[in-house]
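Please look first at the sequence and the structure displayed below. The paragraphs that follow lead through the fold step by step.

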Amino acid sequence: MRSGLIQLRSSDDPAENLDSVVGRLREAAGQGADLILTPEVTNCVSASRTRQTEVLRHEHDDPTLAGLRDEASALGRWVLIGSLALKTDDADGRFANRSFLIAPDGSVAARYDKIHMFDVAVSETETYRESAGYRPGDRAVTADSPFGRLGLTICYDVRFPALYRTLAQAGAGILTVPSAFSPVTGAAHWEPLLRARAIECGAFVLAPAQCGTHAASRGKQRQTHGHSLAVSPWGEVLADGGTEPGLTLVDLDLSAVDDARGKVPSLTHDRPFSGPD
Ligand SMILES: O=C(O)CNC(=O)[C@H](CS)NC(=O)CCC(=O)C(=O)O
């Protein structure tokens with residue numbers, strides 16, 4: 001099967017972002033992609049609560065979700081919307097950071113809310129507090145497709161290997177990690193983390209990414225690492241999307257999952273242990 005990783009430099013204007021994603025989806029379908037993936041916060045990259053409150057919508061009337069469902073069915077392809085920032089009915093006004101798997105008939109096959117929140121001080125001048133704006137999820141999600149079982153995750157989740165082990169042991173052979181990684185942590189950690197998850201799970205890792213310099217908010221320009229990555233179950237980097245927006249096509253030989261797990265069956269070797277005291 002052929003996968004297509006869409007790399008975006010999303011702005012804080014959802015209509016503009018929808019236009020560019022639809023263009024890339026058509027390009028990917030034209031090149032024969034069966035499963036097409038977009039990055040985290042495909043609809044809007046913004047650190048301004050005011051701007052988000054103005055432009056974001058609830059899932060039931062979100063134009064990006066509606067538009068991408070229509071496009072998936074028009075093209076007859078599977079589409080993993082890495083995530084959409086969406087309004088919720090929570091009293092504290094926090095948003096959801098939600099990933100969607102769309103089937104070729106346009107239906108929502110699965111939805112996943114990012115569990116782990118990026119509350120991190122990368123340096124004195126670069127800090128993130130995702131939990132201030134977003135409500136974390138609390139459920140691991142898999143979904144069945146013609147390409148086997150998918151395990152859905154988002155970005156900072158990649159640092160929590162227990163989630164991936166759970167998904168792999170639940171039968172996922174493709175793990176999705178749509179992201180908007182920070183440039184500093186991206187340079188140091190992005191590739192090794194993704195390769196480690198692929199190796200320990202014996203699973204393909206597909207990680208479409210945001211890249212470049214995004215719209216300024218609160219006087220600060222947000223930058224993201226790019227380098228959309230596809231990794232084989234043996235841990236090899238199959239493709240790297242570089243630093244510019246674009247489309248990366250990757251052919252996946254799905255038998256590589258059983259091959260890798262046959263050679264190193266570590267997923268079946270968990271042992272109970274006690275301590276430390
Ligand atoms: O901000 C939004 O609108 C959506 N959320 C994100 O982009 C999140 C929180 S800032 N980014 C990450 O999780 C990057 C993780 C990362 O860079 C690392 O683990 O090192």
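How many bridges join strand S2 to strand S3? The model shown here is a predicted one, and in it strand S2 (residues 35–37) is joined to strand S3 (residues 78–87) by three bridges. These two strands run parallel.

Strands S2 and S3 belong to an open sheet of six strands, arranged in the order S5-S4-S3-S2-S1-S16, with mixed pairing. Strand S5 (108–113) and strand S16 (246–251) are the edge strands, and each of them pairs on one side only. On average, neighbouring strands in this sheet are turned by 25 degrees against each other, direction ignored.

Helices lie across this sheet. Helix H1 (residues 14–30) lies across strand S1 (2–7), S2, S3 and S16, and its direction is at about 155 degrees to S1. Helix H3 (residues 63–75) lies across S3 and strand S4 (95–102), running at about 170 degrees to S3.

A further sheet can be traced in the model. Six strands form this open sheet in the order S8-S9-S10-S11-S14-S15, and here the pairing is mixed. Its edges are strand S8 (141–145) and strand S15 (237–240), each of which pairs on one side only. Neighbouring strands are turned against each other by 20 degrees on average, direction ignored. S8 and strand S9 (residues 148–152) pair in the antiparallel sense over five bridges, and the bridge partner of Thr 142 in S9 is Gly 151. Helix H5 (residues 161–169) lies across S8, S9 and strand S10 (172–176), at about 145 degrees to S10.

Some details of the backbone also deserve attention. In general, most residues other than glycine have a negative phi, and most peptide bonds are trans. Val 41 has a positive phi, near 40 degrees, although the residue is not glycine. Val 41 is found in the loop between S2 and helix H2 (49–55). Is Val 41 buried or exposed? Val 41 counts as buried because 27 other C-beta atoms lie within 10 Å, and the cut-off for a buried residue is 20 or more. His 227 likewise has a positive phi, near 55 degrees, and is found in the loop between strand S13 (220–225) and strand S14 (229–231). His 227 counts as buried because it has 22 C-beta neighbours inside 10 Å. The peptide bond between Gly 275 and Pro 276 is cis, with omega at about 0 degrees. Pro 276 lies in the segment after helix H7 (255–263).

The protein may finally be considered as a whole. It has seven helices and 16 strands. Its radius of gyration is 18 Å, close to the 19 Å that the globule rule gives for 277 residues, so the protein is as compact as a globular protein of that length. The C-alpha trace spans about 55 × 50 × 35 Å along its principal axes. Of the 277 residues, 44% are buried. Among contacts between residues at least 6 apart in sequence, 69% join residues at least 24 apart.

Key
Residues are numbered from 1 along each chain as its sequence is written. This is a predicted model: local features need pLDDT of at least 70, side-chain atom pairs count only at pLDDT 80 or more; totals for chains, interfaces and linings use all residues. Two strands pair if DSSP finds at least two bridges between them. Helices (H or I, at least four residues) and strands (E, at least two) are DSSP runs, numbered from the N terminus. Axes are lines fitted to C-alpha atoms, for helices over the stretch in contact, and angles run from 0 to 180 degrees between N-to-C directions. Two residues are in contact if their C-beta atoms, placed from the backbone, lie within 7 Å. A residue is buried if 20 or more other C-beta atoms lie within 10 Å of its own, exposed if 12 or fewer, and partly exposed in between; C-beta atoms are placed from the backbone. The radius of gyration is taken over C-alpha atoms; the globule rule is 2.2 Å times the number of residues to the power 0.38.
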